[in-house]
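Please keep the sequence and the structure in view while reading.

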Amino acid sequence: MAAPIRILLVEDDQEDAEYLTALLARADGVQFEIERTDRLSAALTAAPRTRPDVVLLDLTLPDAQGLKTVRRARLGFGSVPFLVLTGIHDETLGVEAVQEGAQDYLVKDKLETGLIVRAILYAIERRRASDEAATLRQREALQREFVANVSHELRTPLTAIKASLESLRRGGLSDPQARERFIDAIERQTEHLARLVEELLAVATLESEGLRANPKALELGTVIRQILDDFASKAAAAKVSLSAEGGFDSLKVWADPDHLAEILHNLTENAIKYNKPGGNVRISAQESDGVVEVTVSDTGAGIAEDEIPLLFTPFHRTRYATAKNISGTGLGLSITKRAVERNGGRLWFESDPGEGSHFHFTIPKAP
Ligand code: ADP
């Protein structure tokens, strides 16, 4: 039999509650688990904790009556569907309740098992379908925005390259200093364009449903040492000391090797790039709650509070990064987040503006 349907019954009348419970107990092929409260306020507190599948809501409660109950319920129950219970003389109230956001209404004196079960199942299904449609709409909007951003981001370096080429053609070639400047600009913009295309490909690869992570047991120590080697000269050039805190040598993780390398690469690169001369970057790892948590800490610019919610948004670059003209695409962190999630982990950070940041991610332990 399928899992029982969890109902939060908000009804202060003991007899009505017992009657409804008895009717539901007679249902064929469906089981219900009923939790009851006699106040709307108690129900609004309980729902986020007990996460019922549906709420059955009486409209004459000690702390809420009529349509006010419905309005508070719509706001308070969020995505949990609710049905209202009305008396025989106020069916119009039921209709109004539906207009205000209730999924359906049941008239108390006309209750019958089949009718209640059908109304409950429909309410849950309708809510699920409308949530799915909303997610889909939101995803489509994000995709449209992403495509618009991509076109803009690709056009900017292309326009700059075209302008430099035109200047070269219009006489820039004969002046050696101007020639160097234009060629440098073309080189820089071409590199930026190449990086963008590479990162866009990484986004597309991680996005495509068919490409799942291909996890293996990996020695974390080996992966981290490789990163230290890869970034040694970049860190030295930026006058940043790069090190790893020991203690992870015995740790084995379960991850896609390319994804794990990409995650550590992006976080370490940012930690160096947004650092100050004389600063540090430290990589550490520890086991916690059956997963491995890796942290990349830096003593760099940090992230201003108002920019924290935007950090994983594709193409977002902080004011600091643009003001200091630090090269980047704003795609690295969104790729990193996807890669971590694809491997069953979580990515988050803490930051102290002016003091530095700590980026953490979890990854499953190898079995
Ligand atoms: P980018 O290619 O611009 O580095 P990311 O997606 O990796 O793109 O990062 C997005 C933005 O987040 C960066 O432009 C930078 O402004 C900010 N950022 C990322 N990592 C750090 C860090 N360790 N310290 C300060 N700012 C950071």
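Which helices each supply at least two residues of the shell around the ligand?

## The shell around the ligand

In this predicted model, helix 8, helix 9 (319-323) and helix 10 each supply at least two residues of the shell around the ligand. The shell holds 23 residues, and those that come nearest to the ligand are Asn 270, Thr 318, Ala 321, Gly 328 and Gly 332. Sorted by class, the residues around the ligand are nine nonpolar, 12 polar and two charged.

## Helix 8 against helix 10

Two packed helices are described by the angle between their axes and the distance between the axes. For helix 8 (residues 257-273) and helix 10 (residues 332-342), the angle is about 145° and the axes are 9 Å apart, and helix 8 passes helix 10 in a left-handed crossing.

On the side of helix 8, the contact is made by His 259, Glu 262, Ile 263, Asn 266, Leu 267 and Asn 270, which meet Gly 332, Leu 333, Ile 335, Thr 336, Ala 339, Val 340 and Arg 342 in helix 10. By class, this contact of helix 8 with helix 10 has six nonpolar, five polar and two charged residues. Asn 270 and Gly 332, which take part in this contact, are also among the residues that come nearest to the ligand.

## Helix 6 against helix 10

Helix 10 also packs with helix 6 (residues 176-207), at an angle of about 25° and with the axes 10 Å apart. Because of this angle, helix 6 counts as roughly parallel to helix 10, and the crossing of the two is left-handed. Helix 6 contributes Glu 199, Ala 202, Val 203 and Leu 206 to the contact, while helix 10 contributes Gly 332, Ile 335, Arg 338, Ala 339 and Arg 342. These residues divide into five nonpolar, one polar and three charged.

## Helix 5 against helix 6

Helix 6 has a further partner in helix 5 (residues 113-172), for the axes of the two come within 9 Å and cross at roughly 160°. That angle makes helix 5 roughly antiparallel to helix 6, and helix 5 passes helix 6 in a left-handed crossing. The residues in contact include Val 150, Leu 154 and Leu 158 of helix 5, and Phe 182, Ile 186 and Leu 193 of helix 6. By class, the contact has 15 nonpolar, six polar and two charged residues.

## Domains of the chain

According to the domain assignment, the chain is divided into domain 1 (5-111), domain 2 (144-207) and domain 3 (216-364). The C-alpha centres of domain 1 and domain 3 lie 48 Å apart.

How values were computed
Residues are numbered from 1 along each chain as its sequence is written. This is a predicted model: local features need pLDDT of at least 70, side-chain atom pairs count only at pLDDT 80 or more; totals for chains, interfaces and linings use all residues. Axes are lines fitted to C-alpha atoms, for helices over the stretch in contact, and angles run from 0 to 180 degrees between N-to-C directions. Helices (H or I, at least four residues) and strands (E, at least two) are DSSP runs, numbered from the N terminus. A crossing is left-handed if the near helix is turned anticlockwise from the far one by less than a right angle, and right-handed if clockwise. Two residues are in contact if their C-beta atoms, placed from the backbone, lie within 7 Å. Ala, Val, Leu, Ile, Met, Phe, Trp, Tyr, Cys and Pro count as nonpolar, Asp, Glu, Lys and Arg as charged, and the others, Gly among them, as polar. A residue is near a molecule or strand if its C-beta atom, placed from the backbone, lies within 6 Å of it. Angles under 35 degrees count as roughly parallel, over 145 as roughly antiparallel, 65 to 115 as roughly perpendicular and the rest as oblique. Domain bounds come from an automatic or database domain assignment.
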